[in-house]
Amino acid sequence: LEGERQDVDARPSSALGSSSIMKRILIADDHETVRSGLRAVLEARAGWEVVAEARDGKEAVAGAVEKRPDVAVVDYAMPFMTGVEVARRIREHQQTTEILIFTMHDSEVLALQAFQAGARAFLQKADANKLLLPAVDSLIVHKPFYAGSFTSELRHIAAGKSSSSQV
């Protein structure tokens, strides 16, 4: 039930006791191999459960509305709508789901669009081996995550603050 959800402390989920609340994750990627790999990595972490998978943007939004995950890991390039549009639509229906845009693109413009749409993390697929778990850990405690050198405007938007140059 929505009113009964509780947050865990800032320690990684693997450091928490077995009595902690399971963290629910949605995976959206149009490649089955990517979804399977993400599921294996994420569910290996104690206290994390993948509650939905989506092959396209429409399924991702529907899955987020139905399953109400704590975190949605969303590919940028999917059929029917981009990850940025998925983030925007999830945010319209589900304010508490934290969204990570997962992409092969190295683009500050894309990252800016993702954060403006409501995503709170942006991760390149090339960095997933070392940064996926820290990114999800960060989102679970409702903190933004971004890797790389971004402008101060992007850092402010990622942190949920508006900047004077934001339109």
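Rings of Phe, Tyr and Trp (the six-membered ring of Trp) count as a pair if their centres lie within 6.5 Å, with planes under 30 degrees apart called stacked, over 60 edge-to-face and the rest tilted. By this criterion the structure holds 1 aromatic pair. Its members are F115 and Y146, in an edge-to-face arrangement with 6.4 Å centre to centre and 85° between the planes. F115 belongs to helix α4 (residues 108-116) and Y146 to strand β6 (residues 145-146), so the pair ties together parts that are 31 residues apart in sequence. Here helices (H or I, at least four residues) and strands (E, at least two) are DSSP runs, numbered from the N terminus.

The structure is a predicted model, in which local features need pLDDT of at least 70 and side-chain atom pairs count only at pLDDT 80 or more, whereas totals for chains, interfaces and linings use all residues. Residues are numbered from 1 along each chain as its sequence is written, and side-chain values use heavy atoms, with hydrogens and water left out.

Confidence comes next, given as pLDDT, the predictor's score for each residue from 0 to 100. The protein averages a pLDDT of 83, and 76% of the residues score at least 70. Over residues 1-19 the pLDDT is below 50, and this stretch has 28 contacts (heavy atoms within 4.5 Å) in the model beyond near neighbours in sequence. Residues 162-167 also stay under 50, and for them the model has 7 contacts beyond four places in sequence.

As for the overall architecture, the protein has 6 helices and 6 strands, following the pattern β-α-β-α-β-α-β-α-β-α-β-α along the sequence. Of its 167 residues, 46% are buried, where buried means under 20% relative accessible area, exposed over 50% and partly exposed in between (1.4 Å probe, protein chains only).

Strand β1 (residues 23-28) has 5 of its 6 residues buried, so it is largely enclosed by the rest of the structure. Strands are taken as paired if DSSP finds at least two bridges between them. β1 runs parallel to strand β2 (residues 48-54), to which 6 bridges join it; the bridge partner of I27 in β2 is E53. β1 also runs parallel to strand β3 (residues 71-75), with 4 bridges, and L26 stands opposite A72 in β3.
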